[in-house]
Amino acid sequence: MRIYRKEEYIPNCFISASKKEFRGAAEAHGHNFFELEYILEGEGEYTVDGVRYAAAPNTLFLMSPAAVHKIEHSRMKLFNVMFLSVDDGDVLPLLRAGGRMFSLTE
């Protein structure tokens, strides 16, 4: 398993945001920053810390630092945001609220 470092993925040392088209799979990995992915179109399967989730439009995934996750069987367009938290108290309550996958409605 690979650990991605903030120096590789967050060039300004605080936040990186991009719109991506992703196909295929991403091997199990973790990183030392938070990652948020919002699915715009398509579908796939995320596994986060051993729990499988279906990815579909309007699904939001929030991965904490070092959460082990992978993607399989995917064909999707998504927004990806990688960031450092100045105060973990801002983000950690969301992770403790019952999951890492959120389904959003209009």
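Colleague: Why does Glu41 count as partly exposed, rather than as buried or exposed?

Modeller: In this predicted model, Glu41 has a relative accessibility of 44%, and because buried requires a value under 20% and exposed a value over 50%, Glu41 is placed in between, as partly exposed.

Colleague: What makes the contact between the side chains of Glu41 and Lys77 a salt bridge?

Modeller: The N to O distance is 4.0 Å, and since the criterion asks for a Lys or Arg side-chain nitrogen within 4 Å of a carboxyl oxygen of Asp or Glu, the pair is listed as a salt bridge. The two partners belong to distant parts of the chain, with Glu41 in strand 3 (residues 34-48) and Lys77 in strand 6, 36 residues apart. Lys77, with a relative accessible area of 31%, is likewise between the two cut-offs and therefore partly exposed.

Colleague: How do you know that Glu45 and Arg52 form a salt bridge, and why is Arg52 called exposed?

Modeller: Their closest N and O atoms are 2.5 Å apart, which is within the 4 Å limit, so the pair qualifies as a salt bridge. Arg52 has a relative accessible area of 55%, and because exposed means over 50%, that is the term used for Arg52.

Colleague: How many salt bridges does the search of the whole structure find, and what is the N to O distance between Glu72 and Lys70?

Modeller: The search finds 4 salt bridges, among them the one in which the side chains of Glu72 and Lys70 meet at 3.9 Å, N to O.

Colleague: Why is the aromatic pair of Phe34 and Phe83 called stacked?

Modeller: Among the 3 aromatic pairs found in the whole structure, this one has ring centres 5.4 Å apart and planes at 15°; because pairing needs centres within 6.5 Å and stacking needs planes under 30 degrees apart, the pair is stacked. Phe34 lies in strand 3 and Phe83 in strand 6, so the pair ties together parts that are 49 residues apart in sequence. Both Phe34 and Phe83 are buried.

Colleague: What are the centre-to-centre distance and the angle between the planes for Tyr46 and Phe61?

Modeller: The rings of Tyr46 and Phe61 are 3.9 Å apart, centre to centre, with 5° between the planes, and as these values meet the limits of 6.5 Å and 30 degrees, the pair is also stacked. Tyr46 in strand 3 and Phe61 in strand 5 are 15 residues apart, and both are buried. Together with Tyr53, the two form one aromatic cluster.

Colleague: Where is His73 found, and why is it called exposed?

Modeller: His73 is found in strand 6 (residues 69-83) and has a positive phi of about 50°, again without being a glycine. Its relative accessible area is 63%, and because this is over 50%, His73 is exposed.

Methods: Residues are numbered from 1 along each chain as its sequence is written. This is a predicted model: local features need pLDDT of at least 70, side-chain atom pairs count only at pLDDT 80 or more; totals for chains, interfaces and linings use all residues. Side-chain values use heavy atoms; hydrogens and water are left out. Helices (H or I, at least four residues) and strands (E, at least two) are DSSP runs, numbered from the N terminus. Buried means under 20% relative accessible area, exposed over 50%, partly exposed in between (1.4 Å probe, protein chains only). Rings of Phe, Tyr and Trp (its six-membered ring) pair if their centres lie within 6.5 Å; planes under 30 degrees apart count as stacked, over 60 as edge-to-face and the rest as tilted.
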